[in-house]
Amino acid sequence: MNAPSAALVAARPERLRLVGQRRQILAMMHQRLMLGMLVYAGIIALIVMRILYLAAFGDHAGRQGGITSLVPERGDILDRDGQPLARTIDAWTIGLHPGKLIGDKLDIARALAKLMPERDEATYFAMMRSRTKFFYLRRRASPALVEAVNALGEPGLSLGREPDRLYPQTSLAAHVIGFTDVDGNGVAGIERAFDRQLATPATRSDPIQLSISSRIQQALEHELLKAMTTYSAIGAAGIIMDIHSGEILAMTSLPQLNPNAAGQGSPEARFNRATLGVYELGSTYKPFTVAMAMDSGVIKSFGQIYNCPKELNVYGRTINDTHPFGRQCTVAEIMKESSNIGTAQIAAQVGSSRQRTFLEKMGFLSPIAIELKEKGRTLTPGNNWGPLETMTVGYGHGIAVTPLHLASGYATLFNGGMYRPPTLLKVGKTHPVPKGRRVFSEETSYKMRALLRLVVTEGTGKKADAPGYRVGGKTGSAEKYFNRSLLVTTFAGVFPMDEPRYVIVAMLDEPKATAATYGFRTAGWNVAPVISGTVSRIAPMLGVRPDKRREPNMAEVLPFVQEAKEQ
Amino acid sequence: MSGSSFRSVFMVASCAGAALGCYLVSLRVASERAALEEIETEIVMAQRDIRLLQTEIGTRGRLAQLERWNVKVLALSAPAADQFLEGGFALARLARPAQPDALEAPVVLAAAPADAPKPTVRGLPGKGSGADDRGVAARDLLRVASFKTEPRPSSSMTINLTNQSGPPKPGMATRSSAAPSKKLASADPTPKSVRSARPARPADPLAPLPAPAKAAKESGKTQ
């Protein structure tokens, strides 16, 4: 009776299925759990590792990002002694957001007009009512003004800082350094020539060191400015150069320019007369002609005789002298009295082709080789370089070059005859002295010393002599091409003449006669004293010892001017 | 049971301790580095301030401004060629105190007449200069001698005589005695010292007085 039912004995099929399923499910669940655990463990391990990594190598929370080195927004420009000539500082700017104003606009406009009187209150009021988002009220504001504007407590007036170019020495060497526009791009001088180097982040941390010496520059500028004011000249230029390395120690162009506010200067003031202006050299050119003649073997001694009549008629033109000889004269005398007639004859003997070759080697026929981009194109007779032009070029007429050409030419003539391009960068490891090219022979260079010293001791340049410093040089007074009554007076000098080291060129544009010069306005009267004053100031700084007993070998020239002295 | 279970605990504890130690080291390093960076930042900020101040002082003391002050107030000018010295010797010559030597010089002269012009000393007490200083007394001697022997050559002769008679050796003596007398003559203050003695005897006509100095100079030169 109690027979087990089939149902009781045999498991119900659904139940059997259940057991198998449960196992399967359990296995799957284990798998999933394991997977989930692995994922979690992996994430945690990742986080832990990251934390450990950060703890070991990472930044800490209190770290201040940012300033670790001092790189200016634009590179500095230094002089040769390391004095800053151009720097970038943070300047204050005052701006106006018309939309953010909350106070009474009329009151604010009145207050602003009182603080910044360059605009009246009506203009300020109109600016506040306009729909423009932002106005600059003042860039490069003074701290006192910023404080006063801040005291107004108006959120619509914003005070900010922006990098600004400052030239601490103001007008000193302004034409060399140049200036930048309001956005900080160089537009003149070194600022323009080296704009990329000054602005690129990789290179701007290193300042550019110029060959300019600010003390020497100041002396030259002061003396030139004094002469320019005394003789009412419209402009002036001056250059001091090391003849052996070609470094320019000072270069100035007057009237003065303040690069901090270059826009306010006149175009006349922004014009660089030393490298951009071309002028007829006049008699300062004569030493080149004599040197060319000596180098070509035309002149064998300073005692060589030329016939110097009162006036010379050649090729339908008359050449005159300011101190006519009217007799036979020697080369030394021609130089001493700056005779056009004598020099023209020497130039004619040198000949056109040789003259051109020499001028080309000296770099006189091409724009001056200098880092600046303001370079003047020289004016030459060009294709009309005939015998007459050769004669006039011989005494410096009919050829116009920059004062820097002249300085470079004198450096070439007196450093032993090697041409080296002038440079504005300090010569050092990164900027070595360039290999020169020979223009004149060493002997010519040596002999010219005495000849130019003679001009200062006996001739037209007596006022240029700085006692003890053995200045030698040549005066030059050229008439302006467009108006023959206006002069450009120049003096190109070298010192100390017994061992030449520095060349100094000074030029006055349209000087007028004064009572002190007895009505004269030639170079010997107005520009020569500039040389004397400047040399006696700068020579001690340059390490030139004054010595009244030293002279170049004057025995080469003095015998040939004896006759002139007796007259 | 206990050993094995504690071993695991020790393992965990030592691992945790080591990890903690490592972490502490790294924390310490991080904090040190932070401090260093702070100092670096401070240095940079200080450099920026220095630069700013340098710029300001350079702008205020620019060369053009100094030149203006010089033109208006100081009026300094470039040194002339003569103001430069040749070297150390020239400088030392400038630094030598010249005046005290000259004041001492009359003493040398006073020593000279000690043996020779005794007769003139005998004449002196009548005048009674009353000077207790030996140097002054010697000067008085000299003056009286020149005064008494009115003509100049005689006075110069007395000095010559004194010069020669002073030192014992003749050859060396002339040179050594000539030197001080030359110094006496060339130095400026000697006439001054004579003049200073003038108020002692205002009545004395002193016109020929400079003569001995001149004569001494001549004698110095000739010797």
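# A walk through chains A and B

Gly428(A) sits in the loop between strand 14 (418-419) and strand 15 (437-438) of chain A. Helices here are DSSP runs of H or I with at least four residues, strands are runs of E with at least two, and both are numbered from the N terminus. Gly428(A) is exposed, with 11 other C-beta atoms within 10 Å. The classes are set by such counts: 20 or more other C-beta atoms within 10 Å of a residue's own make it buried, 12 or fewer make it exposed, and anything in between is partly exposed, with C-beta atoms placed from the backbone. Gln209(A) is 219 residues from Gly428(A) in sequence, yet their C-alpha atoms are 10.0 Å apart in space.

This is a predicted model, in which local features need pLDDT of at least 70 and side-chain atom pairs count only at pLDDT 80 or more, while totals for chains, interfaces and linings use all residues. Residues are numbered from 1 along each chain as its sequence is written, and chains are lettered from A and ligands numbered from 1 in the order in which they are written.

Now turn to helix 13 (residues 340-350) of chain A. Nine of its 11 residues are buried, so helix 13 of chain A is largely enclosed by the rest of the structure. The buried residues include Asn340(A), Ile341(A), Gly342(A) and Thr343(A). Ala344(A), Gln345(A), Ile346(A), Ala347(A) and Val350(A) are also among them. Gly351(A) follows helix 13 of chain A and has a positive phi, near 95°.

What does helix 13 of chain A meet in helix 15 of chain A? Thr343(A), Ala344(A), Ile346(A), Ala347(A) and Ala348(A) in helix 13 are in contact with Pro387(A), Thr390(A), Met391(A), Val393(A) and Gly394(A) in helix 15. Contact means that the C-beta atoms of two residues, placed from the backbone, lie within 7 Å. By class, this contact has seven nonpolar, three polar and no charged residues. Ala, Val, Leu, Ile, Met, Phe, Trp, Tyr, Cys and Pro count as nonpolar; Asp, Glu, Lys and Arg count as charged; the others, Gly among them, count as polar.

The geometry of this pair is also defined. The axes of helix 13 and helix 15 (residues 387-394) of chain A come within 8 Å and cross at roughly 125°. That makes helix 13 of chain A oblique to helix 15 of chain A. Axes are lines fitted to C-alpha atoms, for helices over the stretch in contact, and angles run from 0 to 180 degrees between N-to-C directions. Angles under 35 degrees count as roughly parallel, over 145 as roughly antiparallel, 65 to 115 as roughly perpendicular and the rest as oblique. The crossing of helix 13 and helix 15 of chain A is right-handed. A crossing is right-handed if the near helix is turned clockwise from the far one by less than a right angle, and left-handed if anticlockwise.

Next come some backbone details of chain A. The peptide bond from Leu254(A) to Pro255(A) is cis, with omega near 5°. Pro255(A) lies in the loop between strand 7 (248-254) and helix 10 (267-270) of chain A. Another cis peptide bond joins Phe495(A) and Pro496(A), with omega about -20°. Pro496(A) is in the loop between strand 17 (487-495) and strand 18 (502-509) of chain A.

Arg140(A) is not a glycine, but its phi is positive, about 55°. Arg140(A) belongs to strand 3 (residues 135-141) of chain A. It counts as partly exposed, with 16 C-beta neighbours inside 10 Å. Glu510(A), also a residue other than glycine, has a positive phi near 55°. Glu510(A) is in the loop between strand 18 and helix 18 (523-526) of chain A. With 18 C-beta neighbours inside 10 Å, Glu510(A) is partly exposed.

Chain B has 10 helices and zero strands. Buried residues make up 17% of its 223 residues. Of the contacts in chain B with a separation of 6 or more, 73% are between residues 24 or more positions apart. Helix 2 (residues 63-74) of chain B is hardly covered: one of its 12 residues is buried. Its end C-alpha atoms are only 14 Å apart, short of the 16 Å that a straight helix would reach at 1.5 Å a residue. That expected span is 1.5 Å times one less than the number of residues. Just after helix 2 of chain B, Ala75(B) takes a positive phi of about 55°.

Where do the chains meet? In all, 31 residues of chain A are in contact with 23 residues of chain B. Helix 2 (13-57), strand 2 (84-96), helix 9 (214-230) and helix 19 (528-541) of chain A each supply at least two residues of the side that touches chain B. Helix 9 of chain A gives the most to that side, with four residues. By class, the side of chain A that touches chain B has 12 nonpolar, 13 polar and six charged residues.
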